[in-house]
Amino acid sequence: MEVQVDRTSLQEVKALLARFSNGAARARMRATNKTAKKARTESSKEIRKQVRLSAAYVKSLLAISDASIRNPQAKVSTPTRGLLLSRFSTDTMVSGDKVGWLKPPAIPSRGLRVKVKPTGGAKVFSGDDEIEGKPFYMVLPGTEGRVAIVGRRARTGTQGGKIKVFYGPSLSQVFTDVKETVGEDMALYQMQQFEKEIDAILRGY
């Protein structure tokens, strides 16, 4: 998602701000960065309507690249890689970040239960036709004790290895679905912030 002030509106205030050094550019930068922060908050709300993730975790993955005087654009972006399916485990010790596992937890008697969407019930995850046997937990190396849901491949994968790590949807996929809706509201918010920043600069701030 990119945020930038409409150039037509910018031209209309340049004459008014001409006696202030970089006045128009500063107003544009401030308004753009405030809009990007607002866009991140609103995007997080919309994302969490589609996938069952905590607000803190979604926020940590929505990165902002701030605008500057020279670069008037700010961006909200998120990683493209799918989230570990274990993020959607109904076991909060597995789905959360409070535990760094030294060895994987035991498989519950009811199976590995996951819930991707915030509504509806949880489902027992039984793997897919690429694995043999039932899926199980594994502590991923190099992740400070992060647990993943994996399975033993029936055949070696295309990139090698006999273990398949299961992933859910990527946050970027969901972000793509919601950013158009969020963007409509942000266009108005952006212009409101631009007007406020113009007024602040004229008052000497």
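Reader: What makes up the lining of the largest pocket, by class?
Author: There are 10 nonpolar, 6 polar and 5 charged residues. Ala, Val, Leu, Ile, Met, Phe, Trp, Tyr, Cys and Pro count as nonpolar; Asp, Glu, Lys and Arg as charged; the others, Gly among them, as polar. This is a predicted model, in which local features need pLDDT of at least 70 and side-chain atom pairs pLDDT 80 or more, while totals for chains, interfaces and linings use all residues. Residues are numbered from 1 along each chain as its sequence is written, and side-chain values use heavy atoms, without hydrogens and water.

Reader: Why is this called a pocket and not a cavity?
Author: Because a pocket is an open set of points on a 1 Å grid over the protein atoms alone, with protein on both sides within 12 Å along at least five of seven lines; in a cavity, a 1.4 Å probe fits but cannot get out. The volume is about 390 Å³, taken as the space filled by probe spheres set on the points, which are joined across faces, edges and corners.

Reader: What lines the second largest pocket?
Author: Arg52, Leu53, Ser54, Tyr57, Arg87, Thr92, Ser95, Gly96 and Asp97. That is 2 nonpolar, 4 polar and 3 charged. Its volume is about 200 Å³.

Reader: How do you know which strands S8 (residues 147-153) pairs with?
Author: Two strands pair if DSSP finds at least two bridges between them. S8 and S9 have 3 bridges, in the antiparallel sense. So the pair meets the definition. Val150 has Val165 in S9 as its bridge partner. The open sheet runs S7-S8-S9.

Reader: What makes S7 (131-139) and S9 (163-165) edge strands?
Author: Each pairs on one side only.

Reader: What describes the packing of helix H2 (residues 23-47) against helix H5 (residues 171-202)?
Author: Packed helices are described by the angle and the distance between their axes. Here the axes come within 6 Å and cross at roughly 145°. Axes are lines fitted to C-alpha atoms over the stretch in contact, and angles run from 0 to 180 degrees between N-to-C directions. The contact holds 15 nonpolar, 6 polar and 8 charged residues.

Methods. 1 Å grid on protein atoms, 1.4 Å probe; cavity = no way out; pocket = protein on both sides within 12 Å on 5 of 7 lines; lining within 4 Å. Helix = DSSP H or I, 4+ residues; strand = E, 2+ residues; numbered from the N terminus.
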